[in-house]
Amino acid sequence: MKINELNTPVYLVDEDKLEKNLKILQNVEQETGCKILLAQKCFSMFKVYPLIAKYISGCTASGLYEALLAHEEMGKENHVFSPAFTKDEMTQICKICDHISFNSINQLELHRDIWENSNVSVGLRINPEHSTQEGHEIYDPCAKGSRLGITRANFPNTLPKGVEGLHFHTLCEQDAVPLVETFKAVEEKFGEFLPQIKWLNLGGGHHITRDDYQLDMLKDLIKYIKSKYNVEVYLEPGEAVALNAGYLITTVMDIVDNSLPILILDTSAACHMPDVLEMPYRPPLKNSGKPNEKAFTCRLSSRTCLAGDVIGDYSFDVMPKINDRLVFEDMAIYSMVKNNTFNGITLPDIALLHKNGDCEIVKKFSYNDFKGRLS
Ligand SMILES: Cc1ncc(COP(=O)(O)O)c(C=O)c1O
């Protein structure tokens with residue numbers, strides 16, 4: 001099946017682009033000796049886990065279900081972090097994960113009887129209280145009042161018995177410079193513990209596969225950490241794995257007019273790309289420009305009831321028509337994992353674009369997927 005034969009809406013993941021990203025990540029692993037994990041919260045298309053497994057060391061999970069997915073579909077290193085676990089979750093996690101990062105001393109101690117009797121390596125998430133992002137408090141674990149990670153003031157003076165690792169995650173779509181800065185803050189606040197641990201997890205938010213990312217700076221930092229502290233270094237990017245490796249293809253269902261032409265699409269920001277409203281951001285759209293850059297400016301919108309379900313204003317050389325297809329880019333990440341069926345809107349199919357140009361439909365959704373989550 002070719003791209004233009006796919007039904008819309010459809011998330012189409014580009015195998016070639018995914019593999020190019022994976023090769024960059026593999027090179028970082030090989031040159032530095034670090035280990036890279038897929039953050040499944042960002043991208044969990046398990047159909048491609050065997051491909052991902054060829055290049056990087058495993059997965060990280062935000063809780064039991066993602067950990068189970070990695071265990072069943074990837075079968076490599078399996079790490080997990082959550083601010084809190086139930087006893088039942090901890091019991092299952094200790095059977096399938098090899099690393100757990102706890103968010104508090106309370107959680108560490110609450111579950112001690114379970115993890116101490118397993119082979120899991122346990123760590124603590126720390127908060128270096130060093131913000132490197134502006135204007136995105138919702139994505140800043142170092143923002144004032146953050147619940148994520150233990151601050152130095154709340155960290156004990158001696159490492160609790162059994163703790164083998166430390167974890168920090170503070171970045172979002174960032175370069176190597178803020179990482180280097182953040183590591184300095186970690187050394188200043190938590191440096192005394194670094195010689196006592198076996199592993200250090202630098203979290204995600206590293207845009208390693210973006211063209212202008214400073215790969216050498218990242219590699220130098222990892223080599224420095226490994227040689228100075230003799231620890232295993234982990235990185236757990238989500239976005240960098242599938243950055244620019246997927247599309248959301250949609251069809252124009254209608255065009256209405258109110259100050260400007262408004263395209264009603266068979267996709268929705270609220271349902272199929274919630275980060276567009278949450279973050280917020282304007283997703284790239286193939287063959288389009290900013291408002292008024294090209295001859296015809298239109299508002300791209302959806303068929304939900306939400307007045308604000310607007311993807312953005314875009315301009316085109318040729319005025320779009322009903323039944324035309326539009327292609328949103330960079331839609332593999334934080335899309336399928338966050339979508340929903342608000343208004344009973346159909347979920348997009350999931351498809352894979354193979355290197356020879358053939359498309360494989362991996363999954364189709366129906367009324368049963370909508371009804372199945374309700375009662
Ligand atoms: C603890 C943790 N690790 C990894 C990630 C992945 O981040 P990204 O997809 O931005 O690389 C996140 C994202 O929120 C996170 O919270």
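Domain bounds here come from an automatic or database domain assignment. I worked on a predicted model, where local features need pLDDT of at least 70, side-chain atom pairs count only at pLDDT 80 or more, and totals for chains, interfaces and linings use all residues. Residues are numbered from 1 along each chain as its sequence is written, and side-chain values use heavy atoms, with hydrogens and water left out.

**Domains**

I looked up the division of the chain first. Domain 1 covers 3-11 + 246-331 + 339-371, and domain 2 covers 33-242. I then took the centres over C-alpha atoms: domain 1 and domain 2 lie 33 Å apart by that count.

**Domain interface**

I noted about 710 Å² buried between domain 1 and domain 2, with 63% of it on carbon and sulfur atoms. That area is taken with a 1.4 Å probe and summed over both parts.

I checked for charged pairs next. A salt bridge needs a side-chain nitrogen of Lys or Arg within 4 Å of a carboxyl oxygen of Asp or Glu. I counted one between domain 1 and domain 2. Glu 360 forms a salt bridge with Lys 47, and their closest N and O atoms are 2.9 Å apart.

**Ligand**

I found 13 residues around the ligand, the closest being Lys 41, Gly 205, Glu 236, Gly 238 and Tyr 334. The cut-off is a heavy atom within 4 Å. A polar side-chain atom of Tyr 334 is at 2.7 Å. A polar side-chain atom of Lys 41 is at 2.9 Å. For Gly 238, a polar backbone atom is at 2.9 Å.

**Salt bridges in the structure**

I counted 21 salt bridges in the structure. One I opened joins Asp 175 and Arg 210, with the closest N and O atoms 2.3 Å apart. The pair links distant parts of the chain, 35 residues apart. Asp 175 sits in the loop between strand E7 (163-167) and helix H7 (176-190). Arg 210 sits in the loop between strand E8 (199-201) and helix H8 (215-229).

Definitions and conventions
Buried area = accessible area lost by both parts, 1.4 Å probe. Polar contact = N/O pair within 3.5 Å; in protein donor to acceptor, adjacent residues only side chain to side chain. Helix = DSSP H or I, 4+ residues; strand = E, 2+ residues; numbered from the N terminus.
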